[in-house]
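Please look at the sequence and the model before reading on.

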Amino acid sequence: MNDLPETWIEVDLDAVKANYAAITGKLQGNSRCLAVIKADAYGLGAVEIAKTLEKAGCEAFAVTTVSEGLVLRDHGIRGMLLILGPSVPEEWRLAVMADLCLTMASTEAVEKLEKICAELGRAVAVHLKIETGMGRTGFSFGELDELAQILRSAQYIKAEGIYTHFARAAQKDHAYTRKQYEFFCQAVDKMATQGISPQWRHVCNSAAYLDYPQWHHDFVRIGTLLIGHYPGPGFQRELCLRDPWTAKSRISYLRKVPKGTCVGYQSIYKTNSATELAVIPVGYADGFGVEPHFTPQGFIDLMKIIIKNVAAYFGVYLGRERVRIKGKTIGVAGKVGMQLTVLDVGIGLCQVGDEVEIPLRRTLANPRLIRQYIETGQVVKERRIQEEVRMAAQASPQ
Ligand SMILES: *Cc1c(COP(=O)(O)O)cnc(C)c1O
C-alpha cells in the first residue's frame, strides 16, 4: 500500500482458509460445504474468496443472482455454482452456457427452462427450492404433484438437488425450525413417491449447521461462519474462527484548534480543550456509521434504542462511532460526513499519514473501497472494482 490518503480493507485469506477448515472439520457424514459467497462474499470480494476456497478444496459455491455467477465463471471458478435467488428467462441462456446451477421455484419456470434448453440442445441440472416457512421463494406442498409430473416428462432438466431455507435458525426458535424441517422432509418424500429423487439435499445455513448436525445431509450452505462471524448471540463458540477483515484509513489532514471549537454538521460536537482535529477520508458513503435496521433483541435492547433516540432529539448524542489509532480507541467528533470524518486526537499524538482502524460493517462497506488481500503476512493482490468494471467493459464484445 502506498501512503496515499485512502481507505482500504485488508482481507486475510489465511483466516478464510482457517475458517473453512474449521467448518469442514465438523461436517457430519458425507456432507460438503457449499460456500455462500453472495453479495461479493459478504463484502470480502467474491472472486478472491472463491479462488482461495477452491485452493482449500471447496467444490461448490452459491450466490444470489445469475450475474454474480457469471462473474465467478469469468474468473475461472470451475466448481458447482448454485444460484439461490429467483432468475428470469432472459438470463437463462447465459446461465446454461456457463453451466450455472439454477434454483427452480415455480412450475412455470421449469417449463420455460426446459424449452430454452431444448433450443440450446443442452441438459441442465437444477435444484428445487421448497417453501417451508421463510415466505420468500419455493414450491408449496400443493404444487409438488404438478412439479413432479413436469419433471418426469422433461428431457433436458434434471433435478439434482432439493433444499429449503430456515427463517429463524439464528434466533434459535427451535420449534419453528423443526416444523420447517418436517415440512421439507414431507416434500422430499412426496417427490420420491412421484418418482423424483434428487441426489442432493441441503437445509442448513450457518446457524442450523451449528445447532443441527444431524441435518447436514449432502451440503451445508455456509456464509456467515466462513467470514468469521457467528450468526447471532447465544451460539457456543466452539469453532475456532478468525476474523479476516480490517478496514483502515489514513489521516489526511490535521489542524490545531482552541477549546470550544464546533465540529461538523449540526455542530453536535464541541472540543472541551485545545486539541488537534484529524480528518480521515471515509464517511457514510463508504458504509461507515451506517447500521442496518434491526428489530430490538429483547427489552433492554429496546430501551437502549429509545434512550439513544430521545437523547439525540434533545441534542445529546450517545454511542458515537469509535476508531482505533496506534492501539488507542478514539470517538468520532461530530457526525460522520458523506466521505470525511473528524477525530479529536489530542495535541502532538498523531501525524498526517497515520493509520486508523475503522469499524466498517462488511456487507455495507462500499465495493469501491480497495480490498487488499493478505496471505502469510504479504499483500498478494489488490482489488479496485473500478478497474475490474473497466476491464470487463473492454473485454465485452459490444
Ligand atoms: C445467505 C444464505 C445462506 C447462508 O447463510 P449464512 O447464515 O450466512 O450462513 C444459505 N442459504 C441461503 C438460501 C441463503 O440465502
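In this predicted model, the side chains of K326 and D354 meet in a salt bridge, with N and O 3.1 Å apart. A salt bridge here is a side-chain nitrogen of Lys or Arg within 4 Å of a carboxyl oxygen of Asp or Glu. The pair links distant parts of the chain, 28 residues apart: K326 is in the loop between strand 15 (322–325) and strand 16 (328–333), and D354 is in the loop between strand 17 (341–344) and strand 18 (355–358). K326 counts as exposed, at 60% relative accessibility, whereas D354 counts as buried, at 12%. Buried means under 20% relative accessible area, exposed over 50%, and partly exposed in between (1.4 Å probe, protein chains only). Elsewhere, salt bridges that share partners join E6, E382 and R384 into one network.

Residues are numbered from 1 along each chain as its sequence is written. Because the model is predicted, local features need pLDDT of at least 70 and side-chain atom pairs count only at pLDDT 80 or more, while totals for chains, interfaces and linings use all residues; side-chain values use heavy atoms, without hydrogens and water.

By the salt-bridge rule, the count comes to 18. Three of these pairs are listed below.

| Pair | N to O distance |
|---|---|
| K326 and D354 | 3.1 Å |
| K381 and E48 | 3.0 Å |
| E119 and R93 | 2.9 Å |

The side chains of K381 and E48 meet in a salt bridge. This pair also links distant parts of the chain, with K381 in strand 20 (residues 378–383) and E48 in helix 3 (residues 46–55), 333 residues apart. K381 is partly exposed, with a relative accessible area of 31%, and E48 is buried, at 10%.

E119 forms a salt bridge with R93. E119 lies in helix 6 (residues 107–120) and R93 in helix 5 (residues 89–97), so the pair ties together parts that are 26 residues apart in sequence. E119 counts as exposed, at 55% relative accessibility, and R93 as partly exposed, at 38%.

The protein as a whole has 11 helices and 20 strands. These are DSSP runs numbered from the N terminus (helices: H or I, at least four residues; strands: E, at least two). Buried residues make up 47% of its 398 residues. Along its principal axes, the C-alpha trace spans about 80 × 55 × 35 Å.
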